[in-house]
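Let's bring the structure up and walk through it together.

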Amino acid sequence: MVETPLSVAVIGAGMAGRAHAYGYRQAGSVYESDFPQIRLAAVADANVPLGEDTARRYGFERTYSDWRQVAEDPEIDAVSIVVGNALHLPIARGLLEAGKHILCEKPLAGTLEDAQAMVELEREYGQRTDAQGRPLITSVGYTVRRMPALNAIKAKVDSGEFGPVTNFISTYLCDYSCDERAPMSWRYKGGPGSGALGDLGSHVLDTGEQINGPVTAVRGAFMDTITKERPLPLGAVVGHQHVEVSDEVEPVENEDFLTFTCSFANGAVGTYTISRVAFGTPNSQTYHVVGPRAQAAFDITKPAEFMYDDAQASAETRGQRRVLVNPETPLFANSCAMDAPGIGYNYNDNFAIQARAFLGQVAGVETGLQPCAGFADGLHTLQVIEAIAQSAERDGAEVRVA
């Protein structure tokens with residue numbers, strides 16, 4: 001057992017912040033036991049009652065009202081940044097100056113320029129160490145890549161079972177913006193690409209690249225906004241919650257829905273549809289991978305299974321079959337209290353695996369897990385998003401991705 005504990009904090013106590021807090025709480029309970037003790041040090045949020053509630057729920061020792069208090073706390077080693085995208089850059093800079101390791105929620109930043117500045121920070125501070133002499137880690141949280149079922153599909157793609165992947169079809173449909181009286185928040189600010197595409201698309205783009213390699217070009221993009229303005233809230237907005245609103249409105253600056261196609265490095269053609277105004281779908285993420293020898297499908301509302309079809313069965317019984325995740329599935333064994341087929345798997349479990357991978361990088365402990373994405377990976381996602389926005393602006397013209 002590694003004796004030196006890792007002290008962690010979360011900046012941002014909203015919906016995703018609570019998921020990060022849960023991940024840290026559970027990180028020591030998954031996989032092998034030879035891992036540093038994890039100290040749940042602090043939750044920071046300007047909404048102090050919200051921060052106090054998150055700290056109490058997940059066992060953190062204290063609550064701070066300002067992220068700077070986390071930076072100034074000499075006992076804190078590693079920090080999750082889980083606040084509005086426009087705040088990522090100044091907080092990351094302050095934490096790195098204080099010698100803290102960072103796990104930043106996706107997308108990396110609110111603008112391409114901020115993301116480029118964060119990559120410069122990564123280059124500069126990646127050469128430095130924390131108070132214990134450990135190289136500073138700068139990472140981005142793409143939780144979907146931790147899904148066991150998707151990792152099983154990726155393993156089959158990598159092994160050649162599909163032959164070449166010809167088509168990759170993905171949707172991310174949500175309904176949190178259907179109500180035109182839903183209050184204005186940071187999610188509706190920023191230019192084209194920072195709305196449904198940045199919020200939701202960053203997940204499905206990363207997953208598509210995990211399976212097929214980098215996006216090389218995008219084309220046929222179209223995006224639009226249904227609700228052109230939204231009322232200002234009279235109170236704090238947490239996550240997608242509705243609060244009492246005023247009669248004053250502000251314009252929505254980004255897109256509600258979009259569609260586009262793309263090319264991947266492995267030759268596959270991707271087709272994406274993304275929306276935050278898809279009625280009746282609170283959180284629907286789907287993936288369909290097609291090749292001449294096999295096909296697979298995954299629906300995130302059924303996280304403990306995927307559909308698969310190949311030539312193993314005879315023509316009389318061939319068809320898509322339901323595969324339950326099990327201890328033979330990548331990442332599943334010992335990832336939760338009951339890792340038996342049919343017991344289930346929860347999206348929240350991704351955050352525990354992600355926290356375990358991140359803290360393993362911080363401690364320099366071999367976990368067998370894929371390292372978290374770095375700031376440079378987060379910048380790449382935003383470069384793809386920028387290409388999609390440019391394609392839409394040019395009536396669907398092809399835009400190459402650098």
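When I say contact today, I mean heavy atoms within 4.5 Å. With that in hand: among contacts in this protein between residues at least 6 apart in sequence, 71% join residues at least 24 apart. And please keep in mind that what you see on the screen is a predicted model.

Let me begin with the overall picture. The secondary structure comes to nine helices and 18 strands. Along the principal axes, the C-alpha trace spans about 65 × 55 × 40 Å. How does the radius of gyration fit a compact globule? For 402 residues such a globule would have a value near 21 Å, and the protein has 21 Å, so the two agree. Of the 402 residues, 55% count as buried. The accessible surface comes to about 16,800 Å², and carbon and sulfur atoms account for 50% of that.

Now to the sheets, beginning with the one that holds β1. This is an open sheet of seven strands with mixed pairing, and the order reads β3-β2-β1-β4-β5-β6-β17. The edges are β3, residues 62–64, and β17, residues 373–374, each pairing on one side only. Further in, β1 (residues 6–11) runs parallel to β4 (residues 78–81), and four bridges link them. If you want a pair to click on, A9 has V79 as its bridge partner in β4.

Which helices go with this sheet? One of them is α8, residues 348–363, which packs on the sheet and touches β1, β2, β4, β5 and β6. The direction of α8 makes about 155° with that of β5. Another is α1, residues 15–27, which lies across β1, β2, β4 and β5 and runs at about 165° to β1.

I'd like to stop at one residue in α1, and that is H20. Buried or exposed, what would you say for H20? The cut-off for buried is under 20% relative accessible area, and H20 has 4% relative accessibility, so H20 counts as buried. What does H20 touch, once we set aside residues up to four places away in sequence? The list is V10, S80, V82, L103, E105, F351 and Q354.

Let's follow β7 and its two partners. Strand β7, residues 167–173, is antiparallel to β13, residues 284–290, and seven bridges join them. Within that pairing, I169 stands opposite H288. With β12, residues 269–275, β7 pairs in the parallel sense, again over seven bridges. There, T171 stands opposite T273.

T286 has D299 as its bridge partner in β14.

My last stop is a loop residue. D339 sits in the loop between β16, residues 321–324, and α8. Where does D339 fall on the accessibility scale? At 25% relative accessibility, D339 counts as partly exposed. Leaving out neighbours within four places in sequence, D339 is in contact with P327, F332, A333 and N334. For N334 there is a detail to zoom in on: the side chain of D339 reaches the backbone nitrogen of N334 at 2.5 Å. Compare that with V140, which is 199 residues from D339 in sequence and 27 Å away in space, C-alpha to C-alpha.

How values were computed:
Residues are numbered from 1 along each chain as its sequence is written. This is a predicted model: local features need pLDDT of at least 70, side-chain atom pairs count only at pLDDT 80 or more; totals for chains, interfaces and linings use all residues. Side-chain values use heavy atoms; hydrogens and water are left out. Two strands pair if DSSP finds at least two bridges between them. Helices (H or I, at least four residues) and strands (E, at least two) are DSSP runs, numbered from the N terminus. Axes are lines fitted to C-alpha atoms, for helices over the stretch in contact, and angles run from 0 to 180 degrees between N-to-C directions. Buried means under 20% relative accessible area, exposed over 50%, partly exposed in between (1.4 Å probe, protein chains only). The radius of gyration is taken over C-alpha atoms; the globule rule is 2.2 Å times the number of residues to the power 0.38. Accessible areas come from the Shrake-Rupley method with a 1.4 Å probe; for residues, only the protein chains shown count as cover. A polar contact is a pair of N or O atoms within 3.5 Å; within protein, one must be able to donate a hydrogen and the other to accept it, and residues adjacent in sequence count only if both atoms are side-chain atoms.
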